[in-house]
2 protein chains.
Amino acid sequence: MVTLADVARHAGVSASTVSYVLSGKRSISLTTRERVERSIDHLGYHPNAGARALASSRSNIIALMVPLRTDMYVPVMMEIAIAVATTARAHGYDVLLLTGEEGPEAIRRIEGSALADAMILMDVELHDNRLPLLRETGRPAVLIGLPTDTTDLSCVDLDFTAAGALCVEHLAALGHREVAVIGEAPAVYERHTGFAERTLTGLRDRSHQLGVRLLHRPCEGSYAGVSATLARIHEERPGTTAFIVQNEAATDPLLALLHQRRLAVPEDVSVVAICPDQVAASASVPLTSVAVPAQEMGRHAVEQVVARIEGRGVGEVVLLEPVLTVRESTGRSAVAPPLALGG
Amino acid sequence: MVTLADVARHAGVSASTVSYVLSGKRSISLTTRERVERSIDHLGYHPNAGARALASSRSNIIALMVPLRTDMYVPVMMEIAIAVATTARAHGYDVLLLTGEEGPEAIRRIEGSALADAMILMDVELHDNRLPLLRETGRPAVLIGLPTDTTDLSCVDLDFTAAGALCVEHLAALGHREVAVIGEAPAVYERHTGFAERTLTGLRDRSHQLGVRLLHRPCEGSYAGVSATLARIHEERPGTTAFIVQNEAATDPLLALLHQRRLAVPEDVSVVAICPDQVAASASVPLTSVAVPAQEMGRHAVEQVVARIEGRGVGEVVLLEPVLTVRESTGRSAVAPPLALGG
DNA sequence: TTGAAAGCGCTAACAT
DNA sequence: ATGTTAGCGCTTTCAA
């Protein structure tokens with residue numbers, strides 16, 4: 001194993017000089033810096049993580065707590081996790097993967113052992129039982145999601161309320177007056193994860209303002225689930241001319257079922273999705289959508305947490321502004337009630 | 001911050017005694033052990049990870065390298081990752097999340113910095129460029145997947161060859177003689193990830209032995225993709241009476257399309273899937289399937305790597321035996337060629 | 001601009 | 001059964 005002392009000897013300088021070359025915390029003459037750097041790659045030196053952590057009380061590790069549950073739309077979680085890992089590396093940090101299993105206890109353990117300099121929590125619930133502990137610990141933390149009480153906490157999330165409003169605005173501008181919302185699975189609403197409720201608030205408020213009639217139905221993300229939901233919507237609101245889908249797993253089934261019912265998109269019905277751009281763009285009909293910016297959320301979370309570790313920046317709530325991209329699934333409202341035709 | 005010295009002072013013993021109480025590496029009288037343990041929870045002591053790593057040259061961290069790509073079936077990856085994290089914790093290890101982005105370089109960095117005691121690599125390709133480096137480093141490593149050359153390497157994977165054979169056997173026993181395989185997306189085959197090819201080998205060899213006519217088609221996992229593939233199979237082999245699906249994202253579309261074509265499952269056509277049990281069980285028709293045991297793979301990988309860290313066990317290739325569960329999607333072959341009816 | 005040296009908190013010989 | 005002590009490899013004051 002190559003140590004800093006080895007490098008110092010090889011370069012003919014002291015240990016501290018090597019350390020300072022590495023950290024850049026004091027000025028080094030060009031010649032010695034180059035000599036040291038040459039020794040470093042010649043010997044293939046990597047600083048020992050444990051020693052560094054002990055001496056500096058900084059591990060350069062960020063803990064990421066992901067939910068154990070696998071009933072949510074997993075690809076989004078994964079995309080966030082990967083964005084977190086990638087961005088963290090770009091800032092010189094590694095990522096420790098914690099599952100919800102250990103529960104709030106994990107927070108104590110990480111804090112006590114100084115394993116990580118900061119924490120990022122995904123899938124935060126409105127009254128998350130990890131929050132009190134998080135406030136106690138001195139370590140920086142960022143939540144991906146928005147709990148009810150954000151005191152002393154940093155949060156990053158999409159502004160789902162605005163996202164809901166945006167969908168309605170777009171459809172209203174195209175003349176739609178009867179809109180149905182195909183939502184997340186019932187379990188998601190029951191768990192009070194927040195984002196689903198917030199979207200609904202945005203949808204309802206703006207609908208009300210713009211004179212749009214709105215019907216919301218939770219929906220399992222499978223053909224059978226979407227089929228049942230669609231049938232129900234058809235019965236309850238045969239005049240529906242547009243759908244808003246907030247359930248990534250439901251988009252493909254929805255388009256297939258509409259096709260099957262001989263309903264042309266967007267000529268007969270319009271569809272707006274709230275989902276990752278990639279899902280929207282690669283659907284069988286490219287979907288007009290409000291993006292769930294998974295990568296950006298991960299990136300923001302890391303940047304905020306790194307800023308706090310390094311003493312810059314303070315806790316704040318960042319709500320990313322939703323962006324609606326018009327693709328091929330929305331158009332002017334048809335004159336006749338289309339679902340009635342398609343039955 | 002509470003240190004081991006604090007605990008020792010509080011309990012009225014020496015530092016080493018506290019250390020040994022924690023590690024169990026030498027016998028301690030019941031009375032002092034209890035006294036120390038009381039001090040530990042009274043003070044809320046957690047050993048400092050950096051100091052421990054430095055002194056013992058063991059970080060108690062396992063690095064998990066996940067692919068950056070997100071085109072594979074993500075839920076399986078996520079399930080493996082979570083199983084790895086959970087199992088690791090049960091053995092006293094934490095998991096460091098590395099993405100493929102850093103490339104083989106990451107292996108050098110982890111090795112050099114002693115950040116992790118071992119590595120687990122997911123999504124291994126047949127001629128993976130990380131393997132040479134992995135063999136160089138002394139650290140234990142386990143691959144999830146099976147490369148061409150397994151010299152000096154530990155591997156865990158499902159025995160996909162046997163899985164393919166099992167599917168064919170099941171269908172042949174039910175009288176099917178014309179079977180179509182709906183495979184992974186073309187990109188998966190092009191990347192030479194191995195498992196897809198191995199399945200195919202098993203399918204073909206056993207088909208040949210049992211006199212089954214087999215047609216294999218790669219397939220995108222979307223409604224449109226499956227629809228196109230199905231149409232093509234229909235043209236090329238109208239006598240097909242059974243499908244084998246190895247593409248989790250294709251199962252739901254396939255069932256929907258068959259339903260749409262008025263083909264009853266299993267009366268008109270049988271369907272066998274190679275996918276996680278949960279996917280199979282919760283499909284609109286519960287699918288007879290060979291399970292991809294994601295959790296078990298993650299668990300095995302950790303247990304193998306932990307054994308090697310701790311000096312027990314050696315490198316070995318573990319191929320998990322496939323298990324076929326009969327559900328409701330397979331039955332005796334229909335007499336008349338069913339696809340011809342369904343067109 | 002550089003060096004010397006004192007820890008950081010823990011483990012594991014070596015003693016007793 | 002327990003205590004004493006010498007490091008582990010690095011950072012960072014304090015000196016020059």
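Which helix of chain A lies across E6 and E7 of chain A? I looked this up before anything else.

**Entry 1: ground rules.** I am working with a predicted model, where local features need pLDDT of at least 70, side-chain atom pairs count only at pLDDT 80 or more, and totals for chains, interfaces and linings use all residues. Residues are numbered from 1 along each chain as its sequence is written, while chains are lettered from A and ligands numbered from 1 in the order in which they are written.

**Entry 2: the sheet of chain A.** The helix is H11 (residues 223-236), which runs at about 150° to E7(A). I note that helices (H or I, at least four residues) and strands (E, at least two) are DSSP runs, numbered from the N terminus. Axes are lines fitted to C-alpha atoms, for helices over the stretch in contact, and angles run from 0 to 180 degrees between N-to-C directions. Contact between two residues requires C-beta atoms, placed from the backbone, within 7 Å.

I then followed the open sheet of 6 strands in chain A, whose order is E7-E6-E8-E9-E10-E12, with mixed pairing. Strand E7 (213-217) and strand E12 (324-325) are its edge strands, each pairing on one side only. Two strands pair if DSSP finds at least two bridges between them. Strand E6 (residues 178-182) runs parallel to E7(A), and 5 bridges join them. In E7(A), A:His216 stands opposite A:Val181.

**Entry 3: where the chains touch.** I found 43 residues from chain B and 43 residues from chain A in the contact. On the side of chain B that touches chain A, H5(B) gives the most, with 10 residues. By class, that side of chain B has 23 nonpolar, 13 polar and 7 charged residues. Here Ala, Val, Leu, Ile, Met, Phe, Trp, Tyr, Cys and Pro count as nonpolar, Asp, Glu, Lys and Arg as charged, and the others, Gly among them, as polar.

I also looked at strand E2 (residues 94-99) of chain A, which is joined to E2(B) by 3 bridges, the two running antiparallel. The bridge partner of A:Leu96 is B:Leu96.

Entry 4: Two packed helices are described by the angle between their axes and the distance between the axes. In chain A, the axes of helix H5 (residues 74-90) and helix H14 (residues 294-309) come within 7 Å and cross at roughly 40°. That makes H5(A) oblique to H14(A). The cut-offs are under 35 degrees for roughly parallel, over 145 for roughly antiparallel, 65 to 115 for roughly perpendicular, and the rest for oblique.

H5(A) passes H14(A) in a right-handed crossing. A crossing is left-handed if the near helix is turned anticlockwise from the far one by less than a right angle, and right-handed if clockwise. Among the contact residues I listed A:Ile80 and A:Ala83 of H5(A), and A:Met297 and A:Ala301 of H14(A). By class, this contact has 9 nonpolar, 3 polar and 3 charged residues.

In chain B, H5(B) and helix H14 (residues 294-309) pack at an angle of about 40°, with their axes 7 Å apart. Their crossing is right-handed.

**Entry 5: the DNA.** A residue is near a strand or molecule if its C-beta atom, placed from the backbone, lies within 6 Å of it. I counted 30 residues around DNA strand D, with A:Leu4, A:Ser16, A:Ala55, B:Ser16 and B:Ser27 the closest. H2(A) supplies the largest share of that surface, 6 residues. The surface near DNA strand D divides into 15 nonpolar, 12 polar and 3 charged residues.

DNA strand C is surrounded by 29 residues, the closest being A:Ser16, A:Ser29, B:Leu4, B:Ser16 and B:Ala55. The surface near DNA strand C has 14 nonpolar, 12 polar and 3 charged residues.
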